[in-house]
Amino acid sequence: MTPHELFKRLKSHYGSQNWWPAETTYEVIVGAVLTQNTNWNNVEKAIENLKKENMLFPEKILEKSPEYLKKLIKPSGFYNAKASTLRRLTAFVYNNNIKNTPTKKIREKLIKIKGVGPETADSILLYAYKRPVFVIDAYTKRLVRRLGITDKEKYGELQHHFQSSLPEDTQLYAEFHALIVEHSKKICRKSPQCDRCFIKNDCPESFSQEN
Ligand code: SF4
């Protein structure tokens with residue numbers, strides 16, 4: 001199955017996802033850090049705390065103490081590391097004119113920030129700054145392997161596979177990643193629900209589950 005075929009199947013089944021669930025660019029950036037190694041429910045609690053304290057502004061995050069920030073983001077887990085990453089990343093976005101910088105250059109700088117790996121950097125580029133960058137996460141890797149889309153496994157190779165197979169389209173990449181997450185949470189879970197999967201007739205993994 002090609003990436004484009006997968007997109008069409010997911011989109012016709014689940015419809016538009018309209019990600020990312022955030023009101024501002026900065027809220028997307030904060031969410032991209034807080035969602036590392038946790039589920040979205042925990043991120044929502046931390047974001048809610050930040051909103052209640054009127055803290056979802058770069059200036060506020062930089063001026064308040066790290067201890068105060070840790071307390072507010074505690075529900076998202078790993079709050080010591082995430083508070084430090086958030087402050088470093090916030091200083092970067094606050095001091096750089098990202099909107100006028102080429103994507104490749106920002107990406108190189110983002111992934112050099114301690115705590116910001118390729119997945120977080122690409123989520124920020126795609127959903128906060130609307131750049132055509134395909135996000136690869138653990139769900140994508142698992143689904144690609146199960147469907148036999150490619151035998152590539154490394155982040156950069158998988159990203160290249162998707163980007164070279166699809167038009168360079170921010171909206172398409174944003175929808176596609178959201179649809180992969182949706183399918184991976186609902187049906188193609190850690191223990192896949194192949195018997196009720198609408199892709200099962202084209203999925204090699206479903207045959208191996210039956211045998
Ligand atoms: S058939 Fe099974 S393994 Fe394949 S995509 Fe569906 S749930 Fe995942």
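Author: What follows covers the fold, the surface and the cysteines. This is a predicted model, where local features need pLDDT of at least 70, side-chain atom pairs count only at pLDDT 80 or more, and totals for chains, interfaces and linings use all residues. Residues are numbered from 1 along each chain as its sequence is written, and side-chain values use heavy atoms, with hydrogens and water left out.

Reader: How many helices and strands does the chain have?

Author: Twelve helices and zero strands, taken as DSSP runs (H or I, at least four residues, for helices; E, at least two, for strands) numbered from the N terminus.

Reader: And what is the radius of gyration?

Author: Over C-alpha atoms the radius of gyration is 18 Å, close to the 17 Å that the globule rule gives for 211 residues, so the chain is as compact as a globular protein of that length. The rule is 2.2 Å times the number of residues to the power 0.38. The C-alpha trace spans about 55 × 35 × 25 Å along its principal axes.

Reader: What share of the residues is buried?

Author: 45% of the 211 residues. Buried is under 20% relative accessible area, exposed over 50%, and partly exposed in between (1.4 Å probe, protein chains only).

Reader: Are Cys194 and Cys197 buried or exposed?

Author: Cys194 is buried, at 15% relative accessible area. Cys197 also counts as buried, at 14%.
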